[in-house]
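Please keep the sequence and the model at hand while reading.

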Amino acid sequence: MPSVRGRLIKTLLQHRYLFRYPFKKARIDWTRYDSILQFREEVEAGAGKFGKMPQDLQVKPVQIGDLYAEWIEPSQAASDKVILYFHGGGYVTGTCQSHRALTAKFVKSSGTGALLFEYRLAPENPYPAALKDSLAAYQWLLQQGTAPSDIVFVGDSAGGGLCLAALLAIRDQGIPLPSSAVAYSPITDFTCSGKSHETNLNICLSPEGMAPALSRHYAGGTDPALPYISPLFGNLEGLPPLLIYAGEDETLRDDAIRFGHKAREAGVNVTLRIGEGMFHCYPAIAPLFPEATEAFNEICAFINTGTLFH
């Protein structure tokens, strides 16, 4: 059973609309462009919810072609490893500013520096823009002399799905793969065919109608079942060790479960964690309650070792 503190925070998040006027859930048409613009404003305004930047970390702007990125590093890195962080935001929002503090938490706790980059967003830049930008960021790291064995991908939500899609593209292009990858609450099926999209609709934190609309924004005129959009439908052989997290009560639960099972059947070393009673991207909220802290600590250990001791 989830902890009392975990249940309390989940309840507060589910009913957060009660803390603003009018006291009712807003009905949002996610197919509208102005809804996406408003979503972006809210995400940027709420960037501080993951905490403040630790003073002993350094943030250095980087330009990778047309991509803006940031190095987030401890003053004294504990290892040569590098996190390539794929931010979430449904492929329509998210920046270095919105995910800087979150990425910094992983840097601080793992002692591993991170490159956080801003891929192009839909609907202005639908697939394959984000994937191309992800590959450009990875290849830039390789060009800087970073060994693939020293790189670990980490992504949340859409970023989790993007890092898995990037692994498929990297493998298919014959580029050396990174050492491992962490995807928590990843979007692996943008056809939204998982049963949890229906069974968890009334208990999840995601607004109704959001996922199908974001799929249309991101896929544009491309079939959302394409493996580089929905990695669940790809050939998963040859991928590096994976750590996948999802909440039992989120709509993306089955995205994680089905991808984890299929990857394992393909011979991939996969650790799949489904947090009982948990919600979307709950490890990011550490250290507010025990389940989040345990998941966050396990992710940081995996970043350093590429494996887990069961």
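## The second largest pocket

The lining of the second largest pocket consists of M1, P2, Y245, R273, G275, E276, Y282, E291, E294, A295 and E298. On a 1 Å grid over the protein atoms alone, a pocket is an open set of points where a 1.4 Å probe fits, with protein on both sides within 12 Å along at least five of seven lines, and lining residues have an atom within 4 Å of a point. The space in this pocket is about 180 Å³, a volume being that filled by probe spheres set on the points.

Helix 9 gives the largest share of this lining, 4 residues, and strand 8 and helix 9 each supply at least two. By class, the lining has 5 nonpolar, 1 polar and 5 charged residues (Ala, Val, Leu, Ile, Met, Phe, Trp, Tyr, Cys and Pro count as nonpolar, Asp, Glu, Lys and Arg as charged, and the others, Gly among them, as polar).

## Basis of the model

The model is predicted: local features need pLDDT of at least 70, side-chain atom pairs count only at pLDDT 80 or more, and totals for chains, interfaces and linings use all residues. Residues are numbered from 1 along each chain as its sequence is written, and side-chain values use heavy atoms, with hydrogens and water left out.

## The sheet

Helices (H or I, at least four residues) and strands (E, at least two) are DSSP runs numbered from the N terminus, and two strands pair if DSSP finds at least two bridges between them.

Strand 3 (residues 82-86) and strand 5 (residues 151-156) run parallel and are joined by 5 bridges. Within strand 5, V152 stands opposite I83.

## Helix 4 and helix 5

The axes of helix 4 (residues 129-143) and helix 5 (residues 158-172) come within 10 Å and cross at roughly 70°. Axes are lines fitted to C-alpha atoms, for helices over the stretch in contact, and angles run from 0 to 180 degrees between N-to-C directions. Helix 4 and helix 5 are therefore roughly perpendicular to each other (65 to 115 degrees).

Methods:
Parallel < 35°, antiparallel > 145°, perpendicular 65-115°, else oblique.
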